Amino acid sequence: MDAKPTLEQIRRAPKVLLHDHLDGGLRPQTIVELADAAGYTDLPTDDPEELGAWFVAAANSGSLERYLETFRHTVAVMQTREALERVAAECVEDLAADGIVYAEVRYAPEQHLRGGLRLEEVVEAVQAGFAEGVRRVAHRGAVIQVRTLLTAMRQAARSREIAELVVRYRDEGVVGFDLAGPEAGFPPSRHVDACTYLRQQNAYLTIHAGEASGLPSIWEALQWCGADRIGHGVRVVEDIEAADEHLHGARLGRLASYVRDKQIPLEICPSSNVQTGAAPSLEAHPIHLLHRLRFRVTVNTDNRLLGGITLSDEFAALVDTFGYGWDDLESFTVNAMKSAFASFDERLVLVNGRIKPGFAQLKWGGR
Ligand SMILES: O=c1[nH]cnc2c1ncn2[C@@H]1O[C@H](CO)[C@@H](O)[C@H]1O
Ligand SMILES: [Zn+2]
């Protein structure tokens, strides 16, 4: 129990992932093959290993805008039904191989229309791919639940249409809406109409906020748009007055208090935040303060390809950096499951049937 969780043990732990972009998690080999099939000649290299390294290096830019430029290549090769299905199926295989038992995977349908697909066809292709992935994984004896979030790009003007798409496919595995893209200059309040519509439909939404912009963006996401969760949200620390090492004298402003009192889930993505400059380093990442102050912290990958990481790697890095043990990792996992957009029944079954027994086995099983 006191022993430090190893990467190999963490990989076996039943994990939950709420924030993962489909178009930020492709296998480099797949990108090369899809580019070849589509006649896309702009890839920086045709060698899968070099390509994987190129993405990580290019994403280590210190700026969200430059980080997002790398999506040019992944989106370019995801423009046909076959490509979308393949990428979605492989995503499920990769998440299951990392020991994830429940995932919500997001992407922006409006970015996949260049090959002539309609929004509905994009959604149906990805859902078919997820179902295929779940079948393949089941053949190997693993069980994973995968749900979908549909993202609207905040710099564009299609959020209402995407919100309607979420509602239309709510019984086919689409569980919520997301806003992503460059945060600076494109505040959540631009999309109030879509968000109001979703709430009136009893649908769920999460919004990327507090990553490249600060408190006003988080405030708008919550109080103008009614977001159920916040993507990243790390800059909420700007509303917390520095505390000493033991947290004596930590003072929360009104917004930080609201986020903590209401236990608004924060989808924190440590590696991504360091890559985009939202956090100066893992050692100085706000997750440690937020976790100790008992905000509802969840740990996520954001973009596995761009970070060159899995969720297990993220957990292992937190263990190394902050000395976290099984109780911390279990609390991030239970927080995530409680914050998922799946129904209460489904969440309960996963917490009691998989997460608690799985962590108990890792904590006490060896004794
Ligand atoms: O961390 C992030 N912040 C904001 N936008 C992001 C982030 N990661 C990915 N995307 C954007 O979301 C789109 C749909 O998946 C991606 O194409 C990318 O532009
Ligand atoms: Zn994201």
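1. The model is predicted. Its largest nonpolar core comprises 107 residues, of which Val92 and Ile100 touch the most other members. The greatest contribution to this core comes from helix α6 (residues 81–97), which supplies nine residues.

2. When residues up to four places away in sequence are set aside, valine 92 touches Phe130, Gly133, Val134, Val137, Ile144 and Val146.

3. Two helix pairs may be described next. Helix α16 (residues 326–339) packs with helix α17 (residues 344–364) at an angle of about 170°, and their axes are 10 Å apart. Because angles over 145 degrees count as roughly antiparallel, α16 is roughly antiparallel to α17. On the α16 side the contact involves Trp326, Glu330, Thr333, Val334, Met337 and Lys338, which meet Arg347, Leu350, Val351, Ile355, Phe359, Leu362 and Lys363 in α17. Sorted by class, the contact of α16 with α17 holds eight nonpolar residues, one polar residue and four charged residues.

4. For the second pair, helix α2 (residues 28–38) and helix α3 (residues 48–59), the packing angle is about 110° and the axes lie 8 Å apart. Since angles of 65 to 115 degrees count as roughly perpendicular, α2 and α3 are roughly perpendicular to each other. Here Pro28, Gln29, Ile31 and Val32 of α2 meet Pro48, Leu51 and Gly52 of α3. The contact of α2 with α3 consists of five nonpolar and two polar residues, with no charged residues.

5. Which residues come nearest to ligand 1? Among the 19 residues around ligand 1, they are His21, Phe71, Ala108, Thr151 and Ala180. Two or more residues of the shell are given by each of α4 (64–69), α5 (71–76) and β2 (100–107). In terms of class, the shell around ligand 1 has seven nonpolar, eight polar and four charged residues.

6. Is alanine 242 buried or exposed? Alanine 242 has 9 C-beta neighbours inside 10 Å, and a residue with 12 or fewer is classed as exposed; alanine 242 therefore counts as exposed. Alanine 242 is located in the loop between β7 (240–241) and β8 (251–252). Its C-alpha atom is separated by 33 Å from that of histidine 191, the two residues being 51 residues apart along the chain.

Key. Residues numbered from 1 in each chain as written. Chains lettered and ligands numbered in written order. Predicted model: local features only at pLDDT ≥ 70, side-chain atom pairs only at ≥ 80, totals over all residues. Near = placed C-beta within 6 Å. Helix = DSSP H or I, 4+ residues; strand = E, 2+ residues; numbered from the N terminus. Nonpolar A, V, L, I, M, F, W, Y, C, P; charged D, E, K, R; others polar. Axes fitted to C-alpha atoms, helices over the stretch in contact; angles between N-to-C directions. Parallel < 35°, antiparallel > 145°, perpendicular 65-115°, else oblique. Contact = placed C-beta atoms within 7 Å. Buried ≥ 20, exposed ≤ 12 C-beta atoms within 10 Å, placed from the backbone. Core = buried A, V, L, I, M, F, W, Y, C linked by C-beta atoms within 7 Å.
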